Every structure is written in C-alpha cells, then in structure tokens.
Amino acid sequence: MSLLTLEGVTVRFGGVHAVRNVSMAVEQGEIRGLIGPNGAGKTSMINVITGMVPCTAGSIRFRDQEISRAPAHEIARLGIGRTFQHVEIFSDQTVVENVLTGMSRHLPHGFWASALSLPRARHGERAARLAAEELLEAFDLTQYRDVLAGDLPFGVLKRLDLARALAARPLLLLLDEPTSGMSEVGALQAIETARTLARNHGISLFVIEHNMRVIMSLADTITVLDYGEKIAEGSPAAIQDDQAVIDAYLGANADA
Amino acid sequence: MRSMWTARLAWLLAIPLLAVLPLALDGYQIYIVTLVLVNVVVAVGLNLLTGNAGQISLCHASFMAIGAYTTTLLMTNLGVPFLVALPTGGVAAAVLGGVLALAAIRLSGFYLALATLGFLEVTQIAIEEFGWLTGGVRGLMAPRPTIVGGIDLGSDLHLYYAVLIVTLFLVWVAYNLLESPVGRAFNAVRVSAAAVQTLGVSPARTKLTAFALAAFYAGIGGGLAGILAGFIDPTEYGTAATLRHITFIVLGGIGSLVGSIVGATVLTLLPEVLRGAAEYGDLFYAALLLGSLILMPKGLVGLVSHWTRRGPVLSEDVTPAQDREPAR
Amino acid sequence: MSFDIVVQLLFSGLSVGSIYALVALSLVIPFKASGILNFGQGEMLLLGAYVALALSLAGLPYWLVMVLTLLISAALGAVIERVLMRPLVNAPEFTIVIGTYAIGLIIKYAMRLYWQDDVYRLPVPFSSQPWVIGTLRINPVYAWMLVVALLITAALALFFQRSRLGKAMRAVSQNQQASRLMGIGVERIFSATFALSTALGALVGILFAPVAGIHPELGNVILKAFVAAVIGGFTSLPGAVVGGLLLGVVETFAGAFFGSTLRNVVAFAILILILLVRPNGLFGTIESRRV
C-alpha cells in the first residue's frame, strides 16, 4: 500500500482547471519532487491534498483512507503536514511559541488540565518546551527564540515554517518552495536538515521546487506537471533527459 | 521564560495587598473596589475572545445579563444556594456563547459584528418579553445571599472577599490558558486560520471554546454585578455597556491579560475621580475609545513595553550573514 | 383577513420599508467604495434630524429646512470622512467596527448633552389626517415617505448610471487601483460617497422624524438597515432597496399577526438566519469561508 495515492484528481475553480486528472503514488520513506513551469498547478496539488481547496473529482487516499472530502484539520491529524510558499507564520507569537503551536496535536494536556494547571499540563508544557528547543537548535533558530516572528527576515521565517511543520510530527510533509527567498548556502543547509530529519524520523517528503540543483539532488523520484496535467515522472536523471519536460520549460533549465 | 518570574512576583505582591486593602476603606470605597474586580473578570473574558482569538463580539453585555438573571432568579425563586447559582449562571451564558460561536465559524469581521449586534438586541427584547420572569424594564431585585456556614454576603466586606477569590481564580485560569495549547491556538487562529488547520487544530473548535469561555466569564461577572448593586437593570446590559467593555480592553491592551486588568481598573476608577462630570461620562468614554484606538493601538500596556524595550531586536553584528535580508 | 387590511398593511409595510431601504443604501454606498462599514451610520441620521430641528426651530419653512439640512449634512459628512474615517480605510476590521461605532456614539452623546432625552416634533406642512380612499385609510406622512423614497432611489439610479461623479464612484467600488490609474481621485470619491451617504441619512431623519419623533435613540433604526443590507447582500444597491422593502413588509405583517414585540424579533431572526444560511443575501457576491 502506498502512503499517498491520487487517482484522477481534478481541481477546478470557476472555469479554470488548476489540476487535471492527475494520478500518482508516493511511497513510505520516499522523497518526491514536484516540478513544472509557473502556473502548472503545483501549489493547487498541495492545497487539494491538504484539504484547503475542494477536490472537484477523483480520489485521494492516505494510508488507505479516503481524504478527498475531509476537512483540513482532520487531514493534518492523520499525519499530513505542509509549509507555505509565502510562509504563514504566526507573526505576533515568538519563534518558540510558533513551534509549540505546531506541537498542539501531540500534547497530552487539553483544556481542563491547562486551565487548572494540573500536573499533567505542567509536565506536558515542560516536555514540549524541551522538544521545541531541540527543533530550534536543529534549524539554527535558538538565537531567535523569544523574538516575535513578525520581526524576522524572510529567510529565517522559511526555516521557522519548516521547524513548525516538523513539530507536528507528520508522516508526510508537503513543502511548497521551501528554499525560495533563501541564500544558496541557507537553501542547501535547510534541505540537508530536512533530508536528515526525514530519514531519521521516517517522514516522507513531497517537495515543490524551482531550484533545479536542489531538487535533483534531493528527490528520489520527480513528477512533472504542466497546465495541471502530469507530463512525466521518473528519476532525476530520466527527467532531465525527458523531451516533454524540456519542451515544457522551453529549454530554460536544460543545464540544471 | 522571562515573563514567568514577573508574573510570580506580581501575584506575590498583589494578593496580600488586595487582601488588606478594604480594611483601610469605607463602605462606598469597598463597593467601588469590588466593582473593579467584577469588571476585571468581564474584561479578561472579552479580551480572550476578541484580543487573543480575534473574534469581534458586540454582545458581551448580553452574556452578563444572562448570568445576572440566571443567578438571581435561581436564588430568589428556587432557593438555590449562591455557590451553585453563580456557576450555573456562568454555564448558562457559556451555552449561549457556544450558540453564537456557530455564527463565528461561518462569519468573520463585519458580518460577525452584525450577528453579535443582532444577538444583543434579541436579548434586550427577550428580557422585556419575559417580563413576568425578569421584571422587564422595571428590573429585578437581586438580594445578597447567605452562603454555607452562615457567612452573610450582605456585608460589603464579606462580599468583597468572595468576589476577590472568584476574580483571582478566574484570572489565574486565564493566565494558565494563555500559556497553554489553548491560548496558543487562540492567538494562532486570529492570525492565520489556514496555517493552524495544517497543524491539526480545528479553527471551529477553537472559536467555540473562545466564545464559551468569554461568555462564562461574562456570566459570572453579571451574577456578581447583580448582587453587588442589589438590582438588575436591563438598560445596563445594552450598547452603552458594550462600549464600556470594549474600551476596557482597547485602552488596557488588546490581547494582554495585564491589559484587561489595567483597563478595567483605570476605567472603573476614573468616573469616581472625575466626579462632577457625570453627564459627560458617556461622551468621554466614547472619545477615549476612539482616541485609544487611533493613537494607542496597543493600549496602555503597549505604551509601557514600548518605553521599556531594550534597544533593537536584531542588530547587524548579531544576525548571521545568511539570515540577513538580501540587499535590494 | 380582508383585502382592505392586506392592502393597508402592505402600504405601511412598504412605507416603513422604504425608510429601511434608504438607510441601507446609505450604508452600502460608502461600503462599496471604501470598504468601510459605518457602524455609526445611525447617528448620521440623527445628526440630520437635529440639524433639521434646529433650522425648524429658527423659524424656517419646511422646504427650506429640508434643502439646507441636506447641504449641511453633506458638508458635515465630508468633514467627518476626512478627519475621522480616512485613517480607518485600510485598518483591520475590528478597528473599523469599533472606530465607526465610537464615532457614532460620540455624535449621539454630544447631541444628547445639548438636546437631552426630550422628544421633539418636527412640524410638517401637511396634516396627519388620514386620506380616505374607498375603505382604505392612508396616512399622508407614510405616503410622503414612500414617494420620496421612490424618487430618491430613481434619482440615485440615474446618478450612478449617467453622471460623471456617479460613474466615478462605481469605478472606485469595483477597482480602486484601476480607478487611480485612470486619473480618478480616489480619496475625493471617498469624501463624496460619505457626503452622499450622510445626506441620505439626514433625509431619512427628516422623513422619519414625524413618525418617531426626534430623540437621541433615533439612530437605532440602523439595526434594521443592517438587516436590510444583509438581505440584499452588501454589494448590491438594488439589493439593499429590495431588502429594506421586504423587511418592512414582513415586519408589518408579523406585527399584525403576532403583536409588537415579535415584530422586532422578526428582523433579528431574519438577520441571523441569513447570515448563517446565505451570507451573500439575495443578490450579493461575497463568499463565506467555512473555517
């Protein structure tokens, strides 16, 4: 059984087909890349998988459970996480609070325990803060711990977005342009961190990328979209030589 | 966390101070200070809903009214003891808060404000319509109860201590919630409901919790306000009251627990200080609200933290090169 | 229920509804242009009513009072917009709601300081003796309200379709950016729409005053106007008119059948129902997010 299976997925807004009859399967432990020219429907793919946008037709199954009609927070609870292209961080919480919010679904203390400061809540918070510190450390964010997220530069926010998404301990993490806005050095570092964490914790990755160097070195398999349709799928080497892909990009990235 | 020690210090100083305070005051002053405590409860509830969870609510006073009538009617008509009647009033208000949350789930901003305004009007109408129960426009007598052990809350001093205990408890609970997943969910939903969903948190459930919580606080506040005044006047729970409550949190500091306390305290004491200007009271309040909104958007608390902020947060030599914004 | 009574109720329903329609228009026009929903609009109405009262008490004839009030209100509206509303244009919704609410309350309390809670009567140049047509009894004041409302609505429709200013306002409602690029002074349009809306409110104040009397709570009719605007969908002017008339008629019939208290509940029941079931109203186009 594949981790994530899409069959004939179509997403339509008004008269526009953002995604047209796409089928694919992502396996456990895989790192899948999703590339395609601008407007190919890549972000819509992530939006429909995470339930933020309705699925007009087709089926999406996660661990053999149909999720195409499920509400977004339910899908997240099943184990799918994501980051955002334009980072949706909580700008008036501090960096550590952002990460702690990411952990929400795994914390053992609910409303009543928190309200009455029961031992379970105090222990839960302490454990959560320790885990948050570790994540901050992994993403080189410790120095920004108590800074309001809204005060930080974009590159740092991208790392925070990633750290927060990982805090939720997803089984499948969808990354929407994770390295955009980062310097070359920062991008490679972040991707290495993601790859290490993914391998160590058994998280599968599904990555939209424009940076060809990054995606070709990171992904096990790459799916290519153009005008909402899948035009190619295979190993990085195969994709680079695929005529349809080259045509779609008009030869712009043929030397990636 | 640096703020945790300031908080502990604040508790340590405040509690004995508040315990000893009334002994130095006369009867009327004790009434005023008790009123401050009641308003703190109301303000804290509203700030959790509007300041933290970001839900505009123009009907906080309605929840107070529900609490006031429920508590008093249970005591006078059914002989329910105060210790049961008060929380029941809070729960009754919370249930209606939950109902209103259904509107909040589908609406936001202006539309939510309108829905809450509609609810405010409906409660006013209901109070009149059920006049046989509520006393209608003429109001309802709210005699002070005796509680278990024969302690008579008819004494201003005893009532003060009872209200103090309730207030301290509810402020403590609010503080706990703010430093917990619940509080973080509130703040997150206000900024980005989309992101919060991807973390497994249901915005609908969060809004429901926020509304029910705020309504509960208002209900308790209402129950206490009723017996404090000895009388429930329905006109005290309309648009003028809404204005006051919102001014508490805007002046004090939106989203800040301390702000709620400061705002409620300052604005309850202010009319006492500016005695002669009773007529100008409402006008002054409205002008103060507008002024705070435009000139002091983070409230008094924001003003203080602005002055005490220690230099720039990110300076050139501290931020690593790869994290700096690329030059444009 | 005889035919006569139905017609009677329909007539008064439409008359009251036309008031709601005009106030709803005064809400929706600036909302479409600048995105500001003025929660203090009821007090603009109040302002107009008191200006009319002052002029009337100074001895001026009704027609002059009406014209002067409209002009003065329009001017006041432009000033209020420039000074108090302009800073709110791109503010978060909470700030707009509370800010406009506060502005309205400031106006109300200022009026109350001077005029107190007394109820004043605005002298009108026609008698309140009902006209008798067959078996129908028609209150001239209600007829006047209906006629004026219809005329004003028609005038506004023409204004938006034909006049330069009207077309400029429509352009700004649809796309501020594009309007700016086309050389339309967007800020001046904000002032103009607000002046128009204040004048409309003042007109309603004058029309409504003989029925309700002039007193500080006159602005509460705004709540019914909100319901009317919600029924119509906030983005549609004809919708606001239809919403107002519909509300007036439904309310009047409900009052006849069920008594006066229920009559008031009807409006809010409709409000809550529509907001929950179909927030777009009958003609509007704003999507509601399910979150």
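**A walk through three chains**

Two pairs of chains are in contact here, and chains A and B share the most contacts; two residues are in contact if their C-beta atoms, placed from the backbone, lie within 7 Å. This is a predicted model, in which local features need pLDDT of at least 70 and side-chain atom pairs count only at pLDDT 80 or more, while totals for chains, interfaces and linings use all residues. Residues are numbered from 1 along each chain as its sequence is written, and chains are lettered from A and ligands numbered from 1 in the order in which they are written.

Helices (H or I, at least four residues) and strands (E, at least two) are DSSP runs, numbered from the N terminus.

Next comes chain C. No contact joins chain C to chain A, and their closest C-alpha atoms lie 9 Å apart. With chain B, however, chain C does form a contact, to which chain C gives 30 residues and chain B 31 residues. Helix 4 (93-115), helix 9 (222-232) and helix 11 (260-277) of chain C each supply at least two residues of the chain C side. The largest share, 13 residues, comes from helix 4 of chain C. The chain C side is made up of 23 nonpolar, five polar and two charged residues.

Now look inside chain A, at an open sheet of four strands in the order 2-1-4-5, with antiparallel pairing. Two strands pair if DSSP finds at least two bridges between them. Strand 2 (16-26) and strand 5 (65-66) of chain A stand at the edges with a single partner strand each, so one side of each is left without a neighbour in the sheet. Strand 1 (residues 4-13) and strand 4 (residues 57-62) of chain A run antiparallel and are joined by five bridges. In this sheet A:Leu4 stands opposite A:Phe62 in strand 4 of chain A.

Definitions and conventions:
Nonpolar A, V, L, I, M, F, W, Y, C, P; charged D, E, K, R; others polar.
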